[in-house]
Amino acid sequence: SARIAAFAQTQDVGEDGASFEAALAAFEDLQREIRELDAQMPLRLLALHAVAPGLRYASLVPPKPLVGLDDAYIEPLHVLVEFAASNKWPDDIVALHKVKTAFLLRLGESYTAAHPESRVELVTRFHGRGAADGLLTGASSLTAGARENMDYEGDNCIDIRHASGLTFRLGVVCEREGELLAKKAAELRRAGVVAHAEAVEMAHRRWARNHRWRPKLHQHILDVCQRHHPAASLTVRLLKRWLARHMLLGHHVPEEVAELLAARAFTDISAAGCLAAPATAYAGFVRCLRLLAEWRWSEDLLAVDFSADTRDATEAEEEGNTIAKKQQQGVWASSGMPADAAEALQKAFAVAKEQGKIKDCVRVATEDDPDAAWWGSVSPVVTRRLRTLAKASVERLVGCLDAGSDAQLAQVFTTPLKDYDFVIRLNRDAVCRKYEQLPRAAFDTPSSSSAHAVEAGEGEDEAEIFKNLLPTMQQATPVRGVPRSRCHANPFHHPGMVGFDPVALYVRDLANVYGDSVLLFNDVYGGCVIAGLWNPAVARAPVPFAASIAANMQPDEGKASSRPMVRFNVDAVVEEMTRLGEGIVEGIELQQRS
């Protein structure tokens, strides 16, 4: 379908100077500019490692330069700065964080002096002091590990407003930090302090994910999208849009897992029963949906082979024939993967299966990550939801092809709200990312109208995209080259806030407070609803009272019992959610009480 690309766009359709090539060129300029400051830094600068999806052709839309008042939501591009090794790093975690902050301050001051037209700000949760125990935690709506409080925001960093209009968020890589965390966790384990040891292990896992695993994945995805498969970028973006429209991307399916699933459609041609990698994004997207609909997660290991595109085709074909003979049932390896790597995947999968760790849940492994531990696994509940949605979407797409019409294409990206127990309606004026929603052109067919958008919870404003502009936006002076309708000022009257998404923060707070009682879903790309399901183990039946119950309960007087019985207090939880979302929540619709 020629119209499929519209679903990877946003409401800001037009020539605004945003492109992946421009973002990569700006990053190269930043690298050159920072390398020129090497003499002013305490240690020699080794490299800058990009880890942002927008710098590997994998973000929903290309990074958008900041122009004038168009700052409703400013997406930071994360970059890791690596310095030369030194034995002078402190042996204390808190002291080490202070030194890292000092490095960032020196870097920011030197950059500002050399480029006065740029703007540099220190971003820290602890104002340079470090956490009390050196364990940095936080939460993110898109990145892996949101449930484990591991994200970019846990560490100190600086934001550089580059001359290109893009904002780069720089953090420091320090191998000494990883060594100290691992050593401290081992000491606590030997001392029997289990709770504190688990907290340190989580901090070490967060460090490894941010400073080791993400740079490796970034380079793999960049190679696939930039060097080998031009259609892979749009496939990744379509899959992310599909997951987001069904309110699964982020907290349930990390961005990294979505990128791996899309990359697998291009790096593995054997399991798809095809002769070549997809030539179009539409074909790649269909293969991703088929994989989600048909893969037996509890029986077969899903592995992504990034070596398939880097080896000689003849050599890969000859070796692939040998591997296929040795391959055990239930384990896949593409024709490009070396024999020892395939055997490592087989062994890791077999061991995990024997230990009962393999469940019916999305789990993606690579040669670097045979245990599929980097990004975690998707929960069985969400996996079943993914399978159901993917099957229905494939049926719609096949119907479009059989009918020779794309009239039903919008239904693939529309999720019904009737399946959820409650729906939180948000104030559109407080949704900074609402302009990342689908453009009207995506629904603009005779049989596919704004009704689909209303069903998905976007409201009437989806039909008239620019009807609900804020007064500050309507009165703003137009910026040259930027249409007034696409100049979206920050709705909180604080211009220049970087990465501030109040809806994501609200969802994080709800998950932290009610994580054992509810399961939350929302569209991270500017969705105006948050849907939820009650935990049936908590909400359906009365239980004996116990002080350890981690839920809002009330006395149950329906049945006589020797012990006092309590039941889930739905009304109180709804009121608490409304209070927590003051200024963001318009109302909560209760569709099912238990």
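Predicted model: local features only at pLDDT ≥ 70, side-chain atom pairs only at ≥ 80, totals over all residues.
The axes of α3 (residues 175-191) and α4 (residues 194-228) come within 8 Å and cross at roughly 160 degrees, where axes are lines fitted to C-alpha atoms over the stretch in contact and angles run from 0 to 180 degrees between N-to-C directions. The pair is therefore roughly antiparallel, a term applied to angles over 145 degrees.

Residues are numbered from 1 along each chain as its sequence is written. Local features need pLDDT of at least 70 and side-chain atom pairs pLDDT 80 or more, whereas totals for chains, interfaces and linings use all residues, and side-chain values use heavy atoms, without hydrogens and water.

Helix α2 (residues 93-114) has 22 residues, which at 1.5 Å a residue should span 32 Å, and this agrees with the 32 Å between its end C-alpha atoms; the expected span is 1.5 Å times one less than the number of residues. At the start of α2, a side-chain oxygen of Asp92 lies within 3.1 Å of the backbone nitrogen of Val94.

In the protein, 16 helices and 14 strands are present, taken as DSSP runs of H or I with at least four residues and of E with at least two, numbered from the N terminus. Of its 594 residues, 54% count as buried.

Definitions and conventions:
Polar contact = N/O pair within 3.5 Å; in protein donor to acceptor, adjacent residues only side chain to side chain. Parallel < 35°, antiparallel > 145°, perpendicular 65-115°, else oblique. Buried < 20%, exposed > 50% of the residue type's maximum accessible area, 1.4 Å probe, protein only.
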